[in-house]
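Below are some notes for a colleague who is opening this structure for the first time. Please read them with the model on screen.

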Amino acid sequence: MSEEAERLAFPHINSYNRFVAVAIPRIVRNFEPVTVNDGVGNTLTLSLDSICVDSPEYFDPRWKGPGRKTFPYECRITSRPYQGKITATVIVSINGNPTVEHVQIGHLPVMVKSDLCHLSAMDEAGLLKAKEDMGDLGGYFVHNGLEKLCRLIQTQKKYLPVGVYRPSMAKKIKNMSEYAVTFRSHDKNGCASQMALHYLTDHSIRVKIKIRKREYFIPLPMILRALSGKTDKEIHRSISAALGNDPGLVEYATLLLQSFSCEKRVTQTEAISYLGARFKLFFEIGAFGLHADKKTSESKKILNELPKDIDAFYAVLEKYTEISTHAEYGRKLINAAVAVHTDDFEEKYQVVILCVAKLLMVVAQKVVPDNSDSLDSHELITVGDIFTEILAEKVDIIRHRLVGSLLGHVILHNGLLTSSTFLKRAFKYAFIDITSTFGQLLSTGNLVLRNSSNFAMMQQTGFSIQAERLNYWRFFSHFRSVHRGAYFEEIRTTSIRKLLPESWGFLCPVHTPDGAPCGLLTHLAHQCEISHLSHRMPIHELVELGMLLAVGGTIGGVPVVQNGVVLGSVTSDLAPVFVQGIRKKKIQNKKMVYLEVFYQNHAGVQPAVILVNTPNRMMRPVLNIRENAVEYIGTTEQAFLQIENLGKTKTTNPTHRELDAANMLSVVAGSTPLGNFNPSPRNIYQCQMAKQSMGTPLNSQKYRTDQKTYVLDSPQVPILLTDIYKKFNLERYPIGKNIMIAIVSYTGYDIEDAVVINKASVNRGFMRGAILKTEEINLKKEKTKTLGTLMGDDGLPSIGASIKDGDEIYTVVDNEVMEEVKTKNKSMEDLRVESVAVFDTEDGKRGASIRFRIPRLPAIGDKFSSRHGQKGVCSILYEDEDMPFSESGITPDLIINPHAFPSRMSMGMFIENIATKVGAYSGELQDGSMFSYGEDGPDAHVYFGDKLESYGFRRGGGETLYSGITGKPLKVDIFFGMVYYQRLRHMVGDKYQVRTVGPVHNLTKQPIGGRKRAGGIRLGEMERDALISHGATTIIQDRMMACSDGAAFNVCKHCNTLCFFNAFKCTGCQSPKALVRVAFPYVFKYLVAELAAMNIGCRMKFKGI
């Protein structure tokens, strides 16, 4: 597999490896030790030493002993999760005597081909031995036998103040305006945090922080005084300097400063203590957090006697553990909510000042509010971020439960901390199993976090998807897909779906679905990479380049900000040279390859030099003209560069140059040949149809148990292909065939996108394929059932057996009643058993996985498509002798109507027709890369026309064809050649639904719905009206009575009521004389009965009976 193909899943693998190697140790380092004394001189201290994750192992439940290595293919067959054991090492110190305890806290899903996976170091031969595909990308999880992956989700970029104008914000609190600035960062554990500064109509500013899904608005003076302790004059000087001492803007700063006089806390200590007193409950447990090992009457009595007042309760806790002061709680709050990426209050102060300055510029309309939908203010949420949030929250919960258990023991039970029995119970209570949270994430995609509002913009669903393997193209596209978020799917606006110029080179403009997800689900360009390194440029190197360090908290000139920390400033004249020097060092230093550096000097932006080198940012390569070297640039950086394109349009004073015009395309879009000759919608359709084509899903298919896979017999590599197709080794997984087509209106069967297929071609193997389905037998939840028969057989079908519709597939014995339970084929088609895999489940029971092959020959109603969005349905299988033929006797495999082209303008298909014919006669593959022809290159029709003419054909691709019916030549030249066609998974065999009578609903007696249940197709009011307008009364009678819920009831002409009983007499007048038999839909009787239950009687009038 090529290096480019291996990198398709790198964003996922790198993120997971970073979580294991960096995030977990960081969470352990930041674990605050728990210290408790029991009042008699014993002191217990618990600290977390490490959290280790093992590689996946399988432990046989039938005997105790060491586990053995387990591989992904075993987990797929047995429906087990591919996961490793998580062990926490805890240091227990009692009266200064430390001991080490190892506690298992669950299992962590292991990503395939990550550093924890057994496949990570294997070459292609090793992968084959492990029963995996040679080109397996990794980057996914095997959970309960299914392949799952976590989506890449767009979110606000870290360490960049984002100006917001949103009219709806004015309704949030009193006096709030439409203007705000948001700032997103990560705390020391790697968890996301976001603060916002809101401008009020009284010229004050409130800082919004979010703690455990709750929002709090704190006056700005309180935050600034708590951070610095500076006087109002010094704060005014800092804000004015950040505003560039612009008189118009300084006036806003002066108005802001007037709101400071309303705040009574004027010193730093007073402000910090005030905040700590109001938020201390978030950092300590209350009485409800005390855990009693045994709820005795004495412990309940002690719990009820504890003080209700929080300060009095903390006074009780002080006897047993150290309680922080209000000032310490205030510092904890500021570290947890304001610029959480740094613990230095001076650095936090500088960040808040920059945010205040930007907010005032936005309010004064000196700076344009940022577009929250633009990619220049976005980065990605990756799997490592999701796992970090989960683990950090679980470790925090473990600590709180430890504190509650220890304090509950000494307070509610008057227990001693030296008891080893108690310590085991405390560990059992505190160290919760975290496996289920990861399992829920992968199973459902749902994630409920206390920090969800900061982490993913209130999103709680759509974090994971199944990595379907309908074909290889669909599989690898999952790893390159980027979603805006489940929350945005509900927003009915087009602004979030627009294709913006900032996405150039990062997100493919073509590869997005049509329909509801259009613009929300996009795909990375094939050269776009996701940063995974986190390095800072040394300060001494920045000083050498001309930066002045910040002194006294006031920044003069253009501020220099690196990863959210204000380091100093440079003069506006020196800033461009300063940035160029950083860019030179960036190219020379491999650690800085993903560094993003730019000077914000455009009109309408806040002046600053920004350096960002954090993970999860989208980067793409361009040529640095001055250094003559490839440089990776980011989404925000791109807007401040002059990048020269490769066309004839000239760029003024370019600093960079594009490497290839096709770099803006995804792998799938870039594999469409000559796509620049087609309208954009046709290329969009091809991106979807390529992922729906039958092809070669995997080369290790016999070891897999995918629920449903589509396989094409003898697929071919296209004769006309692109550089991207070859670069990513897609020739290993072809999805179609090179076929002969004629573009001619030959019969009446080729109208409305219908295609005519040569029946003889089908007999020779044209587009033949199969569906592979897997039936899993896992009885771990069925305690009384076992696989087999009462006669002792295995109960499984033999390999190669044909199972017809309604036949038995396998047998299970219910040991409770000693009865056989047979599972039958309900698929309405014949199945062929291809393989049977037998395994032992986790509880020692026998399970099995049966794979069926369902052959699918091309049939009328099946869907086919070229690579240019020309999709069509087979209308007839035409006899070969009736098909038109060329002078050399060649008949086409497929006929398409020429009327399919004028409205769609898919000219690329015409050129492919010529180019593929050239390749077939020359025996060479032809290059069809986008943008290779036209402008700077030769014209495609001239280039291929000349070659075609050299082989004795007309340069336009036309040939004289002869009618297969009359034998006479057709009057005009017919466009006749070869095109690469795909067979789509949409087949009539999966969708046809026919029914006369069958299962009905027990209550209404109407046909049930659903093809699998032999249900009917709904004939609604509009269909009924159409039939009435055509006078098709017999069809209406048949569909709505005979084949539905038609029934005959007794009706009394005397009292005009419906009789509900079978007795031949009226329910009302008790007489049989006036009864007549009338046909009604049965549901009418149901309606009358429902109305009668509400004391509403129905009367009917009759005529002619």
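1. Helix α13 (residues 383–412) and helix α14 (residues 420–430) pack at an angle of about 145°. The axes of α13 and α14 are 8 Å apart, and α13 passes α14 in a right-handed crossing. On the α13 side the contact is made by Ile398, Arg401, Leu402, Ser405, Leu406 and His409. On the α14 side the residues are Phe422, Ala426, Phe427, Tyr429 and Ala430. By type, the contact of α13 with α14 divides into eight nonpolar residues, two polar and one charged. Please keep in mind that this is a predicted model.

2. Which residues touch the most other members of the largest nonpolar core? They are Ile386, Phe387, Leu407 and Phe431, in a core of 169 residues. Helix α13 gives the most to this core, with 15 residues.

3. Phe431 deserves a separate entry. Leaving aside neighbours within four places in sequence, Phe431 is in contact with Ala88, Val90, Val103, Ile105, Ile398 and Leu402. Two of these, Ile398 and Leu402, also belong to the α13 side of the contact with α14.

4. Next, a sheet. Four strands form an open sheet in the order β15-β9-β17-β18, and their pairing is mixed. The edge strands, β15 (378–381) and β18 (521–523), each pair on one side only. On average, neighbouring strands of this sheet are turned by 40° against each other, direction ignored.

5. Within that sheet, strand β9 (residues 152–156) pairs with strand β17 (residues 481–483) in the parallel sense, over two bridges. Leu152 stands opposite Val482 in β17. What lies across β9, β17 and β18? Helix α17 (residues 472–480) does, and α17 runs at about 45° to β17.

6. Strand β13 (residues 205–211) is mostly covered, with six of its seven residues buried. Strand β12 (residues 192–200) pairs with β13 in the antiparallel sense over four bridges. The hairpin formed by β12 and β13 has four residues between the strands, and His203 in the turn has a positive phi of about 70°.

7. How many bridges join β13 to strand β14 (residues 214–219)? There are six, and β13 and β14 run antiparallel. Ile209 has Tyr216 in β14 as its bridge partner. In the hairpin of β13 and β14, two residues lie between the strands, and Arg212 takes a positive phi near 50°.

8. Not counting residues up to four places away in sequence, Gln688 touches His511, Thr512, Pro513 and Asp514.

Definitions and conventions. Residues are numbered from 1 along each chain as its sequence is written. This is a predicted model: local features need pLDDT of at least 70, side-chain atom pairs count only at pLDDT 80 or more; totals for chains, interfaces and linings use all residues. Side-chain values use heavy atoms; hydrogens and water are left out. Two strands pair if DSSP finds at least two bridges between them. Axes are lines fitted to C-alpha atoms, for helices over the stretch in contact, and angles run from 0 to 180 degrees between N-to-C directions. Contact means heavy atoms within 4.5 Å. Buried means under 20% relative accessible area, exposed over 50%, partly exposed in between (1.4 Å probe, protein chains only). A nonpolar core is a set of buried Ala, Val, Leu, Ile, Met, Phe, Trp, Tyr and Cys residues joined through side-chain atoms within 4.5 Å. A crossing is left-handed if the near helix is turned anticlockwise from the far one by less than a right angle, and right-handed if clockwise. Ala, Val, Leu, Ile, Met, Phe, Trp, Tyr, Cys and Pro count as nonpolar, Asp, Glu, Lys and Arg as charged, and the others, Gly among them, as polar.
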